[in-house]
Amino acid sequence: MKGLRDGVPICLGYFAVSFALGITARNIGMTAAQAGVMSLGMVASAGEFAAIVLISAGAGFIEMVTTCIIVNLRYFLMSCALSQKLSPDLPIIHRFFLAQCITDEIFALSVSVDGYLEPFYTYGITLISVAGWTAGTVLGVLSGNILPDWAVNSLSVCLYGMFLAIIIPPARKDRFIGGLVALSMAASGIFSVAPVLSSISSGFRVIILTLVIAGGAAFIHPIEDEDQKGE
């Protein structure tokens with residue numbers, strides 16, 4: 001019950017974002033059922049947006065899977081961190097279930113509890129949060145089928161606004177991150193118009209740019225953890 005209560009704000013936020021995602025999914029021809037299953041199986045705004053872009057571009061199965069794995073790779077690190085909050089006596093079945101409950105916000109609440117994490121607390125957060133995420137996506141598709149085209153096109157911009165809201169604050173705080181954002185945009189533009197590079201499919205462009213730019217940034221400018229800063 002505590003997890004359900006703590007998950008209400010996440011649910012409301014997820015609903016708003018996934019509604020815009022549903023509008024975008026409807027614009028590429030996805031049905032409410034298809035979009036709902038996608039959101040139910042992958043609760044990740046960046047991953048789902050990447051998947052929608054690749055579906056609209058006619059990308060292959062391998063490209064879509066590989067891209068979504070790379071875009072969502074941070075969840076692997078979160079899983080490693082969250083495993084340190086679990087009791088050694090916790091049955092392995094709960095570890096499998098908890099692995100499906102990790103998003104940025106759910107992880108933040110789960111990892112912040114005192115002592116060992118009670119898995120049912122995370123299940124409660126996940127239950128209401130994923131319900132809001134999936135419902136928002138489905139209603140976004142249904143609304144897109146009812147609303148006039150001018151309204152649907154206007155609402156489609158919401159998702160891009162969400163991504164701007166994600167990248168602008170850290171870019172303003174850290175010039176290095178701001179430079180990476182600009183570099184990523186420039187590199188993506190070059191890949192779209194350069195004679196040889198433009199022949200690479202959109203899915204593999206995302207994979208290449210993510211690995212090269214993010215990997216290079218991590219090597220050039222690694223982030224120190226709190227213990228190193230204290231020393």
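A crossing of two helices is called right-handed if the near helix is turned clockwise from the far one by less than a right angle, and left-handed if anticlockwise. The term is needed for two helix pairs described below. The structure itself is a predicted model.

The protein has 231 residues, and 36% of them count as buried. There are 13 helices and zero strands, so the pattern read along the sequence is α-α-α-α-α-α-α-α-α-α-α-α-α. Among the contacts with a separation of 6 or more, 74% are between residues 24 or more positions apart.

Asp 6 is partly exposed, since its relative accessible area is 25%. Lys 2 also counts as partly exposed, with 48% relative accessibility. A search of the whole structure finds one salt bridge.

Helix 2 spans residues 8-27, and its axis comes within 6 Å of the axis of helix 9. The two axes cross at roughly 30 degrees. Angles under 35 degrees count as roughly parallel, and helix 2 and helix 9 are therefore roughly parallel to each other. The crossing in which helix 2 passes helix 9 is right-handed.

Helix 8, residues 104-111, is another partner of helix 9, and the axes of this pair come within 10 Å. They cross at roughly 155 degrees. An angle over 145 degrees counts as roughly antiparallel, which is why helix 8 and helix 9 are described as roughly antiparallel to each other. The crossing of helix 8 and helix 9 is right-handed. On the side of helix 8, the contact is made by Ile 106, Leu 109 and Ser 110. On the side of helix 9, Tyr 121, Thr 122, Ile 125, Thr 126 and Ser 129 take part.

Helix 9 also carries aromatic residues. Phe 120 and Tyr 123 both lie in this helix, which runs over residues 119-146, and they are three residues apart, about one turn of the helix. A pair of aromatic rings is described by the distance of the centres and the angle of the planes. A search of the whole structure finds four aromatic pairs. For Phe 120 and Tyr 123, the ring centres are 5.2 Å apart and the planes stand at 85 degrees, so the pair is edge-to-face; the cut-off for that label is an angle over 60 degrees. Phe 97, Phe 120 and Tyr 123 form one aromatic cluster.

Are Phe 120 and Tyr 123 buried or exposed? Phe 120 is exposed, because its relative accessible area is 54%. Tyr 123, at 17% relative accessibility, counts as buried.

Which residues does His 94 contact, leaving aside its neighbours within four places in sequence? They are Pro 119, Phe 120 and Tyr 123. His 94 lies in helix 7, residues 92-99, and it counts as buried because its relative accessibility is 16%.

Glu 48 is a further buried residue, with 0% relative accessibility. Its place is in helix 4, residues 45-56. Apart from neighbours within four places in sequence, Glu 48 is in contact with Leu 21, Met 38, Ser 39, Met 42, Val 43 and Trp 133.

Cys 80 lies in helix 6, residues 74-83, and is partly exposed, with a relative accessible area of 39%. Cys 80 and Ala 99 are 19 residues apart along the chain, and their C-alpha atoms are separated by 9.7 Å. Ala 214 is in helix 12, residues 202-220, and is partly exposed, with a relative accessible area of 44%. From Ala 214 to Ser 184 there are 30 residues in sequence and 9.4 Å in space, taken C-alpha to C-alpha.

Definitions and conventions:
Residues are numbered from 1 along each chain as its sequence is written. This is a predicted model: local features need pLDDT of at least 70, side-chain atom pairs count only at pLDDT 80 or more; totals for chains, interfaces and linings use all residues. Side-chain values use heavy atoms; hydrogens and water are left out. Helices (H or I, at least four residues) and strands (E, at least two) are DSSP runs, numbered from the N terminus. Buried means under 20% relative accessible area, exposed over 50%, partly exposed in between (1.4 Å probe, protein chains only). Contact means heavy atoms within 4.5 Å. A salt bridge is a side-chain nitrogen of Lys or Arg within 4 Å of a carboxyl oxygen of Asp or Glu. Rings of Phe, Tyr and Trp (its six-membered ring) pair if their centres lie within 6.5 Å; planes under 30 degrees apart count as stacked, over 60 as edge-to-face and the rest as tilted. Axes are lines fitted to C-alpha atoms, for helices over the stretch in contact, and angles run from 0 to 180 degrees between N-to-C directions. Angles under 35 degrees count as roughly parallel, over 145 as roughly antiparallel, 65 to 115 as roughly perpendicular and the rest as oblique.
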